[in-house]
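Today I'm going through the aromatic side chains.

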Amino acid sequence: MVFPIQIPNDAPFNAEQRAWLNDFLTKALTQEGKQTNPSNSSVPVTVVYGSQTGTAESIAKKLVKTLKKGNFEPEIHDMATYDRSRLAAEKNLLVITSTYGDGEPPDTATDLHAWLMSDAAPRLEGVSYSVLALGDSSYPDYCKCGIEFDTRLLALGANRIFSRVDVDVDPDAPYAEWSAGILSMLAPSSAGIPASEPESADAVEAGYSKTNPFRASVVQNYNLNGPGEKQTHQIALSLEGSDLSYEVGDALGVYPLNPAAVVDEIIANLPFKPSIVPAPDGGEVTLREALIQHYDIGSLNKSVIQKWQAKSGSPFLRSLVAADDKKAYDDFCWGRDLIDLVIDHPADFADAEDFVANLKKLQPRLYSIASSPRAHLGEVHLCVGIVRYDSYGRKRGGICSTFLADRVSLEMAPRVYVHSNTAFRLPASGDTDVIMCGPGTGIAPFRAFLEDRKATAAKGKNWLFFGNPHRATDYLYQDEIEGYIADGTLAKFDVAWSRDQKEKLYVQHLMVQNGAELWTWLNHGAAFYVCGDASRMAKDVDQALHQVAEDHGKLTSAEAAAFISQLKKEKRYLRDVY
Ligand SMILES: Cc1cc2nc3c(=O)[nH]c(=O)nc-3n(C[C@H](O)[C@H](O)[C@H](O)COP(=O)(O)OP(=O)(O)OC[C@H]3O[C@@H](n4cnc5c(N)ncnc54)[C@H](O)[C@@H]3O)c2cc1C
Ligand SMILES: NC(=O)c1ccc[n+]([C@@H]2O[C@H](COP(=O)([O-])OP(=O)(O)OC[C@H]3O[C@@H](n4cnc5c(N)ncnc54)[C@H](OP(=O)(O)O)[C@@H]3O)[C@@H](O)[C@H]2O)c1
Ligand SMILES: Cc1cc2nc3c(=O)[nH]c(=O)nc-3n(C[C@H](O)[C@H](O)[C@H](O)COP(=O)(O)O)c2cc1C
């Protein structure tokens, strides 16, 4: 029999704990458990999630699906629309949230997070809770938002029924640990979930998925830029032979391969003989294959440096780790890769197995889908900025973007999966006006939106803000855009060629210049979308939106903030930023 949740072998439990938990789940999640529930009254559980690109949301939905099969009364709420006045009255609260930006809450969690951290937050003595924190340990503020929710709920008097679990990119094992833990605390008097389907945090549906990616053949791969600094590839992949489908707003996950030349250079500089090593997901492979396909040999971060330093006699690394200074780590890591550690700071690994044990698993990259399935049946298109730079005497490149640009045709077809992003969808009604702000590769989902709006003959107006350095070389999808202007699909197009004049011109400057009209569109119910660079552009665009609301809506800054917060709640201000 397969139970809804089973503790995977790589979850952080010893054999005894795993056996106990699996036994517990067997009882708790079957009719046997149901018979032990004397009152048989259902247990109320409120699941709230904060999600930027849909992972926390899909985990929350999966958990609720499982709870519904038992003697629970689960409710699910997006943090953006959760009625916070009911927080103090919750019996069992399960918080699932990612962290974005530089340790910030996802957009949908901003308001609830700010309120909870403020003096306005109520005492929560009657609330039992637990937190699942999604993140990525390559960021300095690992899982910060989840940690803050956890700490604050506890400080407000809530009762933590199971320790927070932090998810480092791969949710399966930690989700199993956390869900088993919370069920063990919630279920004793109320078990009874019928065993039904195998579950993991990622959708394990029949067919291709993140855990079972599809090998898609490349049908188009060309540079959209003219000769110059930038290289942005239009990449079309065939989905023929797969059961994959997608909606505009979704992203495509791509599993890259590391460049063989760099792998060979690493191996040539290691102080031991290459041998067979374990792959991160099981099985054994040659060291070369492991470094090409399975382990991250790209950018460095604090945790890689710490592990490396423990095996290296490098005085420099020792002082870097001892100082534990964020800026010093950032300065060292920027522009360096694993090869720099191998050559400049050799470490004393016992053998190849010991060496790979210090490396992180190579992760897939997400790309906003740049096509509508209505316009390109059986295909998925991407708009990929190719990362290339010179540093410390070496020509370097981003692992996945150079894989797509340079290596896919020489090596095998890329392994891909669809990453659903329900948080970035066109308005339900085609009559709603849409404003899209997507400089650089941020144009990707808006190409898909425009194709979709045209294919569905949507009556709402479309306004696109685009920006890139030079009109002559960087006008991505120029023919298509001009076609949309000519046929009326684009009611308005404003473009910021940032380097075609003395002063920089950016999309947010054009938003402010067009402030009166922008305000009118928003007041008539338009949805505002942003895609592209998170660290600078999306922040400046957000500020410009506040300014437009203040200048043209005659609002105070507090009123403008409330207006924009309301737009988010109504899902009329959506961002796909990275
Ligand atoms: C939801 C989502 C959607 C996305 N959509 C798109 C999209 O549509 N198009 C797109 O192009 N990207 C998109 N991205 C970004 C994409 O996933 C990758 O992050 C991007 O392609 C870079 O990956 P890479 O493997 O090529 O680079 P990596 O190997 O990950 O290397 C990037 C790293 O290289 C280093 N680096 C980069 N430039 C320099 C420099 N000049 N000097 C020194 N060091 C440097 C930095 O450490 C940087 O973090 C999206 C990301 C997300 C999360
Ligand atoms: N966080 C990330 O990992 C991240 C974020 C974005 C892009 N990228 C990667 O970088 C590569 C190229 O990116 P891209 O093509 O999307 O271009 P981009 O670097 O985002 O630039 C697009 C346009 O935005 C302008 N810009 C710069 N700062 C801005 C600001 N504060 N506000 C508004 N506009 C601003 C640029 O002008 P100037 O250049 O003239 O200043 C340029 O005209 C891709 O590989 C992409 O994946 C990575
Ligand atoms: C632009 C960007 C910034 C991120 N910043 C952080 C961060 O500061 N700390 C962290 O732990 N994870 C960070 N992450 C990782 C996300 O939290 C992680 O991918 C998570 O699974 C996303 O979940 P979601 O799809 O529900 O938003 C970041 C991811 C992206 C793309």
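**Ring contacts**

I started with Trp308, which counts as buried at 2% relative accessibility (buried is under 20% relative accessible area, exposed over 50%, partly exposed in between, with a 1.4 Å probe and protein chains only). Ground rules: this is a predicted model, where local features need pLDDT of at least 70, side-chain atom pairs count only at pLDDT 80 or more, and totals for chains, interfaces and linings use all residues. Residues are numbered from 1 along each chain as written, chains are lettered from A and ligands numbered from 1 in written order, and side-chain values use heavy atoms, leaving out hydrogens and water.

I counted 19 aromatic pairs (Phe, Tyr or six-membered Trp rings with centres within 6.5 Å; planes under 30 degrees apart are stacked, over 60 edge-to-face, the rest tilted). Trp308 pairs edge-to-face with Phe349, at 5.0 Å centre to centre and 70 degrees between the planes. Trp308 is in helix α9 and Phe349 in the loop between α12 and α13, so the pair ties together parts 41 residues apart in sequence (helices are DSSP runs of H or I, at least four residues; strands are E, at least two; both numbered from the N terminus). Phe349 is buried too, at 4%.

Next I looked up Tyr475 and Phe493, a stacked pair at 6.1 Å and 10 degrees. Tyr475 sits in the loop between α16 and α17, Phe493 in strand β20, 18 residues apart. Both are buried.

I also noted a cluster of Phe272, Trp308, Phe349 and Phe355, linked by ring pairs.

Last, charges over rings (NZ of Lys or CZ of Arg within 6 Å of the ring centre and within 35 degrees of the ring normal). I found Arg336 over Tyr392, 3.9 Å from the ring centre, and Arg415 over Tyr255 at 4.7 Å.
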